[in-house]
Amino acid sequence: MTAVQATGIGKVFNEGTPRRVDALVGVDLTIREGEFVSLIGPSGCGKSTLLRIVASLLPPTTGEVTVNGKSAEQARRDQDYGMAFQQAGLFDWRTVARNIELPLELKGWDRERRRARATEMLELVKLPEFAELHPWQLSGGMQQRIAIARALAANPRLLLMDEPFGALDEMTREYMQGELLRICAETGTTVLFVTHSIPEAVYLSDRVVVMSPRPGRITSIVDVPLGRSRSEETRNDPSFFAGITAVRESLRGLHAEHANAHPGLEDR
Amino acid sequence: MAVRPRDLAAPAAFGLAFAALWEGAVAAFDLKPYFLVPPSSIVAQFADNLGLIWDAASVSGLNAAVGLLAGTVLGGAMSFALSRWRFLGELATPLAVALNAIPIFVLVAVLNNMYSITSEVPRRIMVTLVVYFIVLVNVARGLTQVRPAHVELMRSYAASDSAILRKVRIPNAVPYLFTALTIAAPASVITAFVSEYFGGSQNGLGSRITSNIANSKNAAAWAYVLAACLLGLLFFLISVVLESAASKRGGAVSTGK
């Protein structure tokens with residue numbers, strides 16, 4: 001079963017102006033149900049743009065996306081996916097529980113059912129005692145766990161994440177990665193994950209999609225043969241290092257190729 | 001915003017010391033009452049004329065309160081319209097910001113001309129206008145300057161514009177409204193006093209100050225000034241209490257991250 005099918009995706013910003021940018025060109029990507037796929041690449045490679053096109057927050061200029069066999073637009077209307085960003089994006093005027101309830105309110109669930117689901121989600125992210133606190137009373141890592149709980153509250157089969165751990169310190173980040181894998185294993189959620197971090201991409205993913213900029217495109221897809229049950233020991237596993245090396249080389253390859261193609265334009 | 005008695009002790013002592021210095025200066029330099037009256041006779045006048053002062057304060061206070069309420073309601077309503085129809089906002093917002101920065105209360109002279117000489121309406125309209133622009137500018141900002149991540153999140157839930165308004169824009173604007181009220185409440189009292197200087201019935205605190213000065217009753221004039229200060233303070237306190245009540249209800253005011 002296919003969770004996400006992207007075919008021939010192209011995205012042009014500022015078309016018809018001198019500031020025209022080819023953000024994405026000819027992107028094909030298939031994500032199977034239950035798979036964890038990361039998008040990695042330098043700034044401007046279009047990874048966040050691709051995520052937003054899958055989310056139907058941006059229309060593609062060319063090509064089409066299906067999510068769970070429907071158009072991306074329809075999938076968004078049906079709340080088929082949950083989303084989490086680098087900023088937790090919680091609402092300060094709502095309690096933690098009511099933040100998690102927000103997507104359920106929009107789905108029209110009644111209060112009791114919402115509250116029960118929020119309690120369930122707080123247990124999933126291991127913060128059950130924080131229901132009545134406000135987001136600003138929580139640490140950055142806790143806020144991000146609440147954001148994940150919110151993204152999963154409506155029980156979506158797909159989770160779209162844009163550098164969700166980018167603002168966290170290294171210790172919290174590794175803990176959150178472990179938590180995310182546990183949650184995904186428990187819920188069977190498919191994940192499309194944007195990151196800058198090579199170890200993060202390798203540790204989490206079944207496949208790492210390496211992208212390059214100007215124009216944004218997929219240059220290679222690295223399979224990570226670590227299996228599904230990963231733990232802190234996985235970080236010492238030779239296959240983990242092999243995965244990191246493979247992703248790094250394919251990023252470096254495009255770096256060298258890119259530098260040769262556009263000498264002197266590297267830092268533009 | 002919790003005020004402890006200890007926080008009040010120092011300013012209170014300073015105020016009393018200042019009054020004592022004033023009293024002492026009037027006695028030491030033998031200052032004449034037409035130049036400067038001592039605090040003791042101001043307080044005595046205040047006590048003697050309590051009934052009259054209360055009546056005058058009621059007139060000015062009611063003008064300020066009516067204008068504050070009307071201006072808040074109208075300014076709030078208009079800011080919704082401006083955020084709903086973006087082109088309207090682009091037209092009106094720079095104008096509102098400009099008007100907010102100039103002393104528009106001088107318009108009361110023109111308004112006085114439009115109504116009968118004994119009418120309180122022009123004064124109330126003037127207060128309404130001053131409050132209206134303060135509320136409009138701030139609330140419109142609160143409704144439009146929401147975090148892009150929040151709007152994107154709501155769009156990912158396929159939320160309608162009205163749901164985004166109810167669940168993101170309005171809650172975001174609440175602290176802005178209270179900021180506006182802490183500015184508008186003292187401004188409404190000031191406008192109510194100043195509008196009385198432009199003619200009309202001689203019934204409010206502002207006009208009583210001028211009429212007592214005109215009759216060389218300087219101590220009485222100062223007593224009305226004292227009452228005006230107290231009324232202004234009352235309005236400020238009301239807005240502070242409202243603000244702290246609102247921030248307790250809704251958690252902290254947005255951290256602005």
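Axes here are lines fitted to C-alpha atoms, for helices over the stretch in contact, and angles run from 0 to 180 degrees between N-to-C directions. Helices (H or I, at least four residues) and strands (E, at least two) are DSSP runs, numbered from the N terminus. This is a predicted model, in which local features need pLDDT of at least 70 and side-chain atom pairs count only at pLDDT 80 or more, while totals for chains, interfaces and linings use all residues. Residues are numbered from 1 along each chain as its sequence is written, and chains are lettered from A and ligands numbered from 1 in the order in which they are written.

In chain B, the axes of helix H8 (residues 161-196) and H9(B) come within 6 Å and cross at roughly 45°. H8(B) and H9(B) are therefore oblique to each other, given that angles under 35 degrees count as roughly parallel, over 145 as roughly antiparallel, 65 to 115 as roughly perpendicular and the rest as oblique. Where they meet, B:Phe193, B:Val194 and B:Glu196 of H8(B) face B:Leu205, B:Gly206 and B:Ser207 of H9(B), contact being counted if the C-beta atoms of two residues, placed from the backbone, lie within 7 Å.

Chain A holds an open sheet of four strands in the order E2-E1-E4-E5, with antiparallel pairing; two strands pair if DSSP finds at least two bridges between them. Strands E2 (21-32) and E5 (70-71) of chain A stand at the edges, each with a single partner strand, so one side of each is left without a neighbour in the sheet. Two bridges join strand E4 (residues 62-67) of chain A to E5(A), and A:Thr66 has A:Ser71 in E5(A) as its bridge partner.
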